[in-house]
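Hello,

Here is the structure for you to look through. My notes follow below it.

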Amino acid sequence: MRSRNPCGGPHPAPRTVVMRILITGITGFVGGHLVEALVPLGHALFGLGRGSAWPAPLAHLGGRVELHAGDVADADRVEAVLKLARPDWLVHLAGYANPGRSFLEQDACWRDNLTATRVLYDAVVRTGLRPRILFVSTGLIYGEPDEGRATCDERTTIKPATPYAASKAAADVLSYQYTRSPGLDIVRVRLFNQIGPRQSADYAVANFARQIAAAEAGTQPPVIETGDLSAHRDITDVRDMVAAFPPLLERGRAGEAYNAGRGETYSIRDLLDKMIALARVKVEVRQKPEPERKADTAVTQADARK
């Protein structure tokens, strides 16, 4: 029930300040969910993606967001989009996002995560615009927690265990440097693991779901092939994760980093067992070794109090 104001009518709904928001990597997993959260608020939304058309699962966003095609490492293209969008807020999501594959594609990983981030910031400087920038980093930059600690807070020593995590750590540090010189207004958010609709089957939980669905549909045998299941991950629904972005853009301090996560972990084995228990067919699990993942972090857990 809505409360009443002293004059007898309902309290007016708080007015949302309309912002011009540019999102790089807008057609990706997190980007799509962020846009879906922002559209109802009436902001002027602009996106930079690899292509000029929305992928089929995001086709409903056509006409509600001004989508531009371009590579964030293309300085001229990025500068042109910035001048068109004139953003108040800039959310930098674009980048290489596959930790496992990063061992095999290190050049692409470093280009898309570090070089492209520097190109974007330099383009902002050249335009003379002063947007508030949210750099979206990852909790994997920490690697294992510091000795004697179970969780990672923003002061945890950075010990990345994959090329992906190392390249994101470098871009995270670069983002801090650009707040000092040339003085950009950048806030960093370090996301721990996310799951949710439309996630690529390159990621464990989405891959399990795809295989179980295929087994239920009879399009593959009732067998799930997995890698190592011993890791523990701090996992949050992506729709809850993107809810952290507007408050950080509004109230985060320039130069500061903020963890975003649930604050508790699940073993990948337990998650798989829960999914199998929901399946409508009996499923067999077959593990196969992944030599390139042998250095991967065993446990990641966020301290997100800040």
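Helix H2 (residues 75-85) lies across strands E1, E2, E3 and E4. H2 runs at about 155° to E1. Keep in mind that this is a predicted model.

Helix H4 (residues 163-180) lies across E5 and E6. Its angle to E5 is about 155°.

Now the sheet. In what order do the seven strands come? The order is E3-E2-E1-E4-E5-E6-E11, the sheet is open, and the pairing is parallel. E3 (66-69) and E11 are the edge strands, and each pairs on one side only. From one strand to the next, the twist averages 20°. Strands of a sheet pair through backbone hydrogen bonds. E5 and E6 pair in the parallel sense, over seven bridges. Find Val136 and you will see Val189 of E6 opposite.

Next, the nonpolar cores. The largest has 32 residues. Which of them touch the most other members? They are Ile23, Val91 and Phe245. Elements that give two or more residues to this core include strand E1 (20-24), strand E4 (89-92), helix H6 (238-242) and helix H7 (245-251). Helix H1 gives the most, with five residues.

Take a look at Phe245. Leaving out residues up to four places away in sequence, Phe245 touches Val30, Leu34, Val91, Leu93, Leu134, Val136, Val189 and Leu191.

Best wishes

Key:
Residues numbered from 1 in each chain as written. Predicted model: local features only at pLDDT ≥ 70, side-chain atom pairs only at ≥ 80, totals over all residues. Heavy atoms only, no water. Core = buried A, V, L, I, M, F, W, Y, C linked by side-chain atoms within 4.5 Å. Buried < 20%, exposed > 50% of the residue type's maximum accessible area, 1.4 Å probe, protein only. Helix = DSSP H or I, 4+ residues; strand = E, 2+ residues; numbered from the N terminus. Contact = heavy atoms within 4.5 Å. Pairing = 2+ DSSP bridges. Axes fitted to C-alpha atoms, helices over the stretch in contact; angles between N-to-C directions.
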